[in-house]
Amino acid sequence: MASPEPSSPASDLPLLDEHRIAIDAPRDRVWAGLCRWSETLGVGDRHPLGLLLGTQPRRGFERVAAVPEQVLGFAGRHRFSRYRLTFELAAITPTRTQVTARSNAEFPRLRGRAYRALVVGSGAHVVAVRRMLDGIRRESLRD
């Protein structure tokens with residue numbers, strides 16, 4: 001598990017958006033759920049989307065930061081973008097936790113701008129992040 005690195009390759013990326021969710025579970029339980037959920041983040045090694053985009057690493061994301069019960073960060077790149085996805089946990093009460101998903105990304109050149117219009121402009125990115133947060137909630141509440 002990597003520790004936070006302020007100078008990691010994706011730390012200089014512009015903010016794309018932030019989404020939050022409150023989960024009715026203590027922070028340690030949400031952390032465990034987030035870690036379980038993160039094992040499925042990305043695409044398989046032979047998934048057509050990863051091959052088409054040329055994702056690096058192949059799954060699309062690698063863990064670049066981890067502070068137990070506080071921060072879990074991932075980064076990656078492909079032909080059209082460099083990106084970072086960071087999850088931050090904060091206790092609302094002893095039995096309720098807020099999870100913030102922060103996306104940072106750059107979309108260089110004309111092809112990158114076209115990709116951004118397709119993925120971000122269409123709303124697909126928002127749908128994907130909401131699904132991520134719902135998955136984290138499910139894993140956090142799992143017995």
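Does Ser 81 count as buried or exposed, and at what relative accessibility? At 5% relative accessibility, Ser 81 counts as buried. Here buried means under 20% relative accessible area, exposed over 50%, and partly exposed in between, with a 1.4 Å probe and protein chains only.

The model is predicted, so local features need a pLDDT of at least 70 and side-chain atom pairs count only at pLDDT 80 or more, while totals for chains, interfaces and linings use all residues. Residues are numbered from 1 along each chain as its sequence is written, and side-chain values use heavy atoms, with hydrogens and water left out. The pLDDT is the predictor's confidence in each residue, from 0 to 100. The protein averages a pLDDT of 91, and 92% of the residues score at least 70. Over residues 1-10 the pLDDT is below 50. Beyond near neighbours in sequence, this stretch has 21 contacts in the model. A contact means heavy atoms within 4.5 Å.

Ser 81 sits in strand β4. Strands (E, at least two residues) and helices (H or I, at least four) are DSSP runs, numbered from the N terminus. Leaving out residues up to four places away in sequence, Ser 81 touches Ala 105, Glu 106, Phe 107 and Pro 108. A polar atom of the Ser 81 side chain lies 3.0 Å from the backbone oxygen of Glu 106.

Strand β4 pairs with β3 in the antiparallel sense, over 8 bridges. Two strands pair if DSSP finds at least two bridges between them. Ala 75 stands opposite Arg 84 in β4. The two strands form a hairpin with 2 residues between them. Strand β3 (residues 71-78) is mostly covered, with 6 of its 8 residues buried. Strand β2 (residues 62-67) also runs antiparallel to β3, joined by 5 bridges. Arg 63 has Phe 74 of β3 as its bridge partner. The hairpin of β2 and β3 has 3 residues between the strands. In its turn, Glu 69 has a positive phi of about 65 degrees.

Helix α4 (residues 124-141) has 18 residues. In α4, His 125, Val 129, Met 132, Leu 133, Gly 135, Ile 136, Glu 139 and Ser 140 are buried. They lie on the same side of α4 because they cover an arc of only 155 degrees around the axis. The arc is that of the directions from the helix axis to the C-beta atoms. The buried residues pack against β1 (15-23), α1 (27-38), β4 (81-93), β5 (96-106) and α3 (109-119). The face turned away from the buried side carries the exposed residues Arg 130, Arg 131 and Arg 138.

Notes. The expected span of a helix is 1.5 Å times one less than its number of residues. A polar contact is a pair of N or O atoms within 3.5 Å; within protein, one must be able to donate a hydrogen and the other to accept it, and residues adjacent in sequence count only if both atoms are side-chain atoms.
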